[in-house]
Amino acid sequence: MKIIYLSLLHIIILFFCVSGFAQENANAHNPIIFADVPDESIIRVGNTYYMSSTTMHMSPGVPIMKSLDLVNWKIVNYAYDRLVENDAMNLDNGKNTYGRGSWASSLRFHNGTYYISTFAATSGKTHIYSTKDIENGPWTTIEFIPDLHDHSLFFDDDGKIYMLYGAGNLTLVELKSDLSGIIPGTEKVVIENASTPAGDNIMLKAEGSQLFKINGKYYLFNITWPQGGMRTVVIHRADKITGPYEGKLGLQDLGVAQGGLIDTPDGKWFAYLFRDYGAVGRIPYLLPIVWKEGWPILGTDGKVPETLKLPTNKSLIPGIVNADDFTRKNGQPNLPLVWQWNHNPDNNLWSVQKRKGFLRLTTGRLETDFLSAKNTLTQRTIGPECTGYTAVDASKMKDGDFAGLALLQKNYGQIGIKIDGKNKFIVMINASTGEPVEAARILITSKTVHFKAACDFNNKKDVANFYYSTDGQTWKKLGTPLNMTYTLPHFMGYRFGLFNYATKATGGYADFDYYKIEDKISKE
């Protein structure tokens with residue numbers, strides 16, 4: 001009996017020891033963020049990490065996120081409210097800038113100042129934003145021509161400032177001391193055919209440059225894509241910023257690529273990269289690094305690990321996405337940072353002040369379709385599954401108005417209230433094929449209707465279903481499943497969107513009572 005008791009005791013002790021070891025050493029899991037957060041650029045200032053990312057045609061733009069552990073992130077600011085004022089960014093005169101806007105940013109901290117640089121074909125410029133307080137601003141803006149593709153901003157130890165940019169052949173330029181432009185005559189191709197470490201048959205030439213200086217050496221990370229292969233990390237190093245550079249293949253696994261290096265206060269190193277994951281978008285991963293003969297060796301035996309010796313991942317709610325009851329106390333911003341507009345909004349046509357506890361979207365012009373409509377307010381979808389909810393008061397909508405909940409991408413889906421003459425209908429639109437089709441229409445008399453959309457991204461299933469309710473309790477599915485597709489014309493993961501637009505007369509408005517998001521598929 002005593003022997004059995006001791007054996008059981010040993011088993012219990014062993015269980016807790018093993019469990020404790022696992023919790024201590026492999027709590028975090030990849031992906032670090034199961035949401036569209038591509039083109040990350042990460043810095044550490046003391047014990048705090050900051051990350052910038054790409055949201056292209058969204059406003060405000062270049063989101064800035066904060067973390068104390070490299071795993072759990074919270075949006076704390078944006079680099080700009082509006083990238084540029086032109087027809088494409090404003091959705092005017094039939095133009096748009098889907099999939100363009102601002103692209104990969106470079107985040108730096110130098111002599112007490114934070115710098116974020118980005119570039120945009122939409123403006124034709126390189127944009128540099130700087131501030132002493134990255135979480136609160138204010139920001140100073142510098143712009144110059146041309147737009148330097150996928151550049152890496154770099155402050156060297158000798159006081160010189162550079163940008164390294166390009167695709168395939170990578171070019172180094174020196175910037176003026178005030179960052180107002182390129183010093184003429186400093187352009188130099190420092191690496192020809194930077195894809196070479198990945199082979200000769202290349203589909204995507206090396207781009208996405210991120211340049212670092214570690215222990216006196218310069219390290220350059222790029223992404224390339226061999227024909228018939230996968231997204232691949234290539235790494236170059238040099239003793240001088242101008243070269244010569246030697247290169248090697250850094251990682252080929254799961255298509256996880258494009259990013260750079262970050263260290264922890266206790267001396268550990270990680271690579272931050274991202275992976276294309278279907279309709280939810282491009283999702284961030286972390287890989288441990290060991291240094292061998294002066295090279296960073298990525299991953300575990302050349303593979304992307306499922307777990308990491310970092311703190312446990314918490315929910316992406318409320319740091320990356322969050323609910324909103326549209327009630328604002330004095331001093332609170334009109335919109336929390338989790339929200340972004342599709343293109344530049346018309347700020348005269350929305351309000352959270354005109355009716356307490358509601359978001360009001362007012363129509364200001366006639367629209368031909370959802371993708372050309374102004375003032376769609378968006379948040380990311382999150383994986384592996386999620387459900388978004390809202391409720392619309394249609395009492396002040398006009399004939400031809402359509403308001404409700406959408407999943408935004410080129411092949412979008414919508415459910416909402418549509419006014420047709422004196423009648424109100426609940427309508428579901430399915431654009432899975434790239435062309436919008438009215439999949440269902442039912443007559444209603446209710447003034448307020450609740451809507452939800454449930455997204456399944458498990459194993460890239462990429463299917464969503466839409467529902468409605470007249471009481472917010474009992475839900476009915478409507479229309480056909482939306483087959484979500486990540487398309488290059490939009491170049492962004494699906495987003496929940498609150499919309500209202502007019503097709504016959506302007507001046508009507510819809511009041512949205514709330515927005516809620518869950519990290520699960522809600523039962524009907």
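**First stop: a sheet of seven**

Start with the open sheet of seven strands, which run in the order β25-β26-β37-β28-β33-β34-β35 with antiparallel pairing. Strands here are DSSP runs of E with at least two residues, numbered from the N terminus, and two of them pair if DSSP finds at least two bridges between them. Now colour the edge strands, β25 (350–351) and β35 (476–483), each of which pairs on one side only.

Before moving on, a word about what you're looking at: this is a predicted model, where local features need pLDDT of at least 70 and side-chain atom pairs count only at pLDDT 80 or more, while totals for chains, interfaces and linings use all residues. Residues are numbered from 1 along each chain as its sequence is written, and side-chain values use heavy atoms, with hydrogens and water left out.

Still in this sheet, select β33 (residues 448–456) and β34 (residues 463–469): seven bridges join this antiparallel couple. Which residue of β34 stands opposite Asp 456? Val 463 does.

**Second stop: a sheet of four**

Next, pick out β11-β12-β13-β14, listed in their order in an open sheet with antiparallel pairing. β11 (152–155) and β14 (188–191) are at the edges; each has a single partner strand, so one side of each has no neighbour in the sheet. On average, neighbouring strands of this sheet are turned by 30 degrees against each other, direction ignored. (Axes are lines fitted to C-alpha atoms, for helices over the stretch in contact, and angles run from 0 to 180 degrees between N-to-C directions.)

Zoom in on β11 and β12 (residues 161–167), which run antiparallel and are joined by four bridges. Show Phe 154 and you'll find its bridge partner in β12, Tyr 162.

A cavity is a set of points, on a 1 Å grid over the protein atoms alone, where a 1.4 Å probe fits but cannot get out; lining residues have an atom within 4 Å of a point. Grid points are joined across faces, edges and corners, and a volume is the space filled by probe spheres set on the points.

The largest cavity has a volume of about 120 Å³. Of its 18 lining residues, select Ser 41, Ser 105, Ser 106, Ser 209 and Gln 210, the closest to its centre. β15 gives the largest share of this lining, four residues. By class, the lining has five nonpolar, nine polar and four charged residues. (Ala, Val, Leu, Ile, Met, Phe, Trp, Tyr, Cys and Pro count as nonpolar, Asp, Glu, Lys and Arg as charged, and the others, Gly among them, as polar.)

Hop to the second largest cavity, at about 60 Å³. Its lining divides into 10 nonpolar, no polar and one charged residue. Strand β21 (residues 282–292) gives the most, three residues.

**Last stop: two residues**

Select Thr 48, in strand β3 (residues 48–52). Is Thr 48 buried or exposed? Thr 48 is buried, at a relative accessible area of 16% (buried means under 20%, exposed over 50%, partly exposed in between, with a 1.4 Å probe and protein chains only). Beyond neighbours within four places in sequence, Thr 48 is in contact (heavy atoms within 4.5 Å) with Ile 43, Lys 66, Ser 67 and Leu 68.

Finish at Trp 139, in the loop between β9 (125–131) and β10 (140–144).

Methods:
1 Å grid on protein atoms, 1.4 Å probe; cavity = no way out; pocket = protein on both sides within 12 Å on 5 of 7 lines; lining within 4 Å.
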